[in-house]
Amino acid sequence: DVCYCRVYNYEPLTQLKNVRANCYGKYIALRGTVVRVSNIKPLCTTLAFVCAACGDVQRVPLPDGKYTLPTKCLVPECRGRSFTADRSSPLTTTVDWQSVKVQELMSDDQREAGRIPRTIECELVQDLVDSCVPGDMVTVTGIVKVSSTEEGEGQHLG
């Protein structure tokens, strides 16, 4: 059995307009409305690699799912530098992953002024996946990070 711990009622709430560079790497909470949810996908958190020279298996952590090759074989006599990923190895682990877009709550005055509401992408993993649908009002807590995409850089709460 697995137990996941969650932080509730974390304060203060940060307004989306205040999520800036000084928030990167910090734990924050914000409130908003879910406007989009992605499909659920597997996120590889560790990947096993087999050394082409000696066959030794090495487990490599993949922070944020970023594909990372080992630099050298860990066997002292080998030190090979060519590896093949083994996705079926018991050392390879994945978790469920989903992206949701959360839109800031706006006052009537802001809506009447015609201002476009701000949004932020939030990444959900494990038991939080499939926990909300568009239209839900949510309070999200997490660590702010920057994610590079083809459309440029954006703010994410992971």
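A residue is termed buried when its relative accessible area is under 20% and exposed when that area is over 50%, with partly exposed residues in between. By this criterion Lys145 is buried, because its relative accessible area is 19%. The model described here is predicted.

Lys145 takes part in a salt bridge with Glu123, in which the closest N and O atoms are 2.8 Å apart. Because Lys145 belongs to strand E7 and Glu123 to strand E6, this pair ties together parts that are 22 residues apart in sequence.

In the structure as a whole, five salt bridges are found. One of them brings together the side chains of Lys101 and Glu121, with an N to O distance of 3.9 Å. Lys101 is located in strand E5 and Glu121 in strand E6, so that parts 20 residues apart in sequence are tied together. Lys101 is partly exposed, with a relative accessible area of 27%, whereas Glu121 is buried at 15%. Through salt bridges that share partners, Lys101 and Glu121 are joined with Arg36 into one network. A further salt bridge is formed between the side chains of Arg118 and Glu104 (3.4 Å, N to O). Arg118 lies in the loop between helix H1 (108-112) and E6, and Glu104 in strand E5, so this pair ties together parts that are 14 residues apart in sequence. Of these two residues, Arg118 is partly exposed, with a relative accessible area of 32%, and Glu104 is buried, with a value of 10%.

The largest nonpolar core comprises 16 residues, among which Val19, Leu30, Val102 and Ile120 touch the most other members. At least two residues of this core are supplied by each of E1, strand E5 (93-104), strand E6 (119-125) and E7. Another core, of seven residues, lies apart from it and includes Leu47, Cys51, Val60 and Cys73.

Val60 is also part of strand E3 (residues 57-61), where Val60 and Gln58 make up the covered face, while Val57, Arg59 and Pro61 make up the uncovered one. In a regular strand the side chains alternate between the two faces of the sheet. Strand E3 runs antiparallel to strand E2 (residues 41-51), to which it is joined by five bridges. Arg59 in E3 is the bridge partner of Ala48. The two strands form a hairpin with five residues between them, and Gly55 in the turn has a positive phi of about 85°.

Two aromatic pairs are present in the structure. In one, the ring centres of Tyr10 and Tyr27 are 5.0 Å apart and the planes stand at 90°, so the arrangement is edge-to-face. Tyr10 lies in the segment before strand E1 (27-37) and Tyr27 in strand E1 itself, so the pair ties together parts that are 17 residues apart in sequence. Tyr10 is partly exposed at 30% relative accessibility, as is Tyr27 at 31%. In the other pair, the rings of Phe49 and Tyr67 have centres 5.9 Å apart and planes at 65°, so this pair is edge-to-face as well. Phe49 in strand E2 and Tyr67 in the loop between E3 and strand E4 (83-86) are 18 residues apart. Phe49 is buried, with a relative accessible area of 0%.

Tyr27 additionally contributes to a nonpolar surface patch with Val7 and Ile143, which together have about 250 Å² of accessible area. Ile143 is located in strand E7 (residues 137-149) and is partly exposed, with a relative accessible area of 43%.

Notes: Residues numbered from 1 in each chain as written. Predicted model: local features only at pLDDT ≥ 70, side-chain atom pairs only at ≥ 80, totals over all residues. Heavy atoms only, no water. Buried < 20%, exposed > 50% of the residue type's maximum accessible area, 1.4 Å probe, protein only. Helix = DSSP H or I, 4+ residues; strand = E, 2+ residues; numbered from the N terminus. Pairing = 2+ DSSP bridges. Phe/Tyr/Trp six-rings, centres within 6.5 Å; stacked < 30°, edge-to-face > 60°. Patch = residues over 30% accessible without salt bridge, like charges linked within 9 Å, V, L, I, M, F, W, Y side chains within 5 Å. Areas by Shrake-Rupley, 256 points an atom, 1.4 Å probe, with all protein chains shown as cover. Salt bridge = Lys/Arg side-chain N within 4 Å of Asp/Glu carboxyl O. Core = buried A, V, L, I, M, F, W, Y, C linked by side-chain atoms within 4.5 Å.
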